[in-house]
Amino acid sequence: MLALSEGKEDAVSESNDFVVELRSVSKLYGDAAAVADISLKARRGELLCLLGPSGCGKTTTLRMVAGFVEPSSGSIHINNIDMTHQPPYRRDTGMVFQSYALFPHMTVAENVAFGLENLRWPREKRDKRVEEMLELVELPHFAQRLPSQLSGGQQQRIALARALAIKPAVLLLDEPFSNLDAQLRVRMREELQEVVRSVNVTTLFVTHDQEEALTMSDRIVVMNAGKVEQIGTPGEIYETPATPFVAKFIGWCSLLKGTVDDAGAFTSTAGLRIIGKWSAGPATVVIRPEQLKLSADGAPGQRQQARVLHSHYLGGATRVVLDVNGEQLIMQERFPFGRHPQHGDVLDIAISTDNLRLIGDA
Ligand SMILES: Nc1ncnc2c1ncn2[C@@H]1O[C@H](COP(=O)(O)OP(=O)(O)OP(=O)(O)O)[C@@H](O)[C@H]1O
Ligand SMILES: [Mg+2]
């Protein structure tokens, strides 16, 4: 059994950069692949987020790392040890499940102590650890309550305390904030980041919320239909999406299909032409809302006339869907009070070609 005592950190070789590694991992249910040939690595202390639409294989991937689901092929390594066929309790992982799953008949303290008891920690040491964990998640006076006497957010924090209590090498979180309201969710994100940094635990975090992924992660793994589409920092994923799917899934954007001619200019299927210096061939252009500006404001870029199709007032700005030369483009702009664009209005806009992302079609 893996030692989970206090001296553990020293025992793990510091030269080993990667705490979790998946090598060509697949999971088949009958003929259907829930996960198809995934390879990824998480560095020590890294917060790595698995992001993708419902059913893309996020939970299956996390459960394979925890040991609750056995891969059909490939291997899983934790701290450089092949764990593919080891039971969950040998893997040095702590998991928070998609629904928080505290034991309802146990008090908060008993819940947090659960993993420690399995590891046969002596009572005194165990009690001290439970106290530390409840301090960490800022619920020090809740030890004797039952889960049913806690709010959803408090249950969430206790689930986190329970997962962290055994000082796992790897923390696995499956949509831990999905049931919280928007404000509590933002606070919990910040809290979790602080907790994760303070104990320097490698964390795999599942979400289908792109904002959560962008704000929390060191790196994001974008998944689609059981496969990895792209792995990168939030900036890399947003600014240089590798595929149209990634561009569309992270942030608002318009995708224009078309062709680059020999002069390097792109012409979309509907006929919108964007001058650039790209290599010839079929391609998709990604236009983010912030790349469109009102040309009356003196914005640089290619000038175009645009007709307003839809206008959504967001408070701090207005999101406008425009028809530009037969293509639909999304712009986000702060219009002067009382001058919000209406359906049918015509606007003069400038398309900034700086950092315009063009994805060559394979
Ligand atoms: N035990 C199972 N038997 C058969 N199919 C399964 C099983 N578990 C998962 N699947 C299928 O595998 C695919 C991936 O499921 P998974 O739970 O990993 O998705 P997810 O990305 O976590 O989705 P969500 O965001 O909805 O939680 C789905 O199509 C699902 O129906
Ligand atoms: Mg899931």
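A polar contact is a pair of N or O atoms within 3.5 Å; within protein, one atom must be able to donate a hydrogen and the other to accept it, and residues adjacent in sequence count only through two side-chain atoms. The model is predicted, so local features need pLDDT of at least 70 and side-chain atom pairs pLDDT 80 or more, while totals for chains, interfaces and linings use all residues. Residues are numbered from 1 along each chain as written, chains are lettered from A and ligands numbered from 1 in written order, and side-chain values use heavy atoms, without hydrogens and water.

**Exercise 1.** Find polar contacts of ligand 1 with Ser54, Cys56 and Lys58.

*Solution.*
- Start with Lys58: a side-chain N or O atom is 2.8 Å from an oxygen atom of ligand 1.
- Next, a polar side-chain atom of Ser54 lies 2.6 Å from a ligand 1 oxygen.
- Finally, Cys56 uses a backbone N or O atom, 3.2 Å from an oxygen of ligand 1.

**Exercise 2.** Describe how α4 packs on α5.

*Solution.*
- Helices here are DSSP runs (H or I, at least four residues), numbered from the N terminus.
- Take the axes, lines fitted to C-alpha atoms over the stretch in contact, with angles from 0 to 180 degrees between N-to-C directions: those of α4 and α5 (residues 152-165) come within 9 Å and cross at roughly 135°.
- That makes the pair oblique (under 35 degrees is roughly parallel, over 145 roughly antiparallel, 65 to 115 roughly perpendicular, the rest oblique).
- List the contact (heavy atoms within 4.5 Å): Arg129, Met133, Leu134 and Leu136 of α4 meet Ile158, Ala161, Leu164 and Ala165 of α5.

Key:
Helix = DSSP H or I, 4+ residues; strand = E, 2+ residues; numbered from the N terminus.
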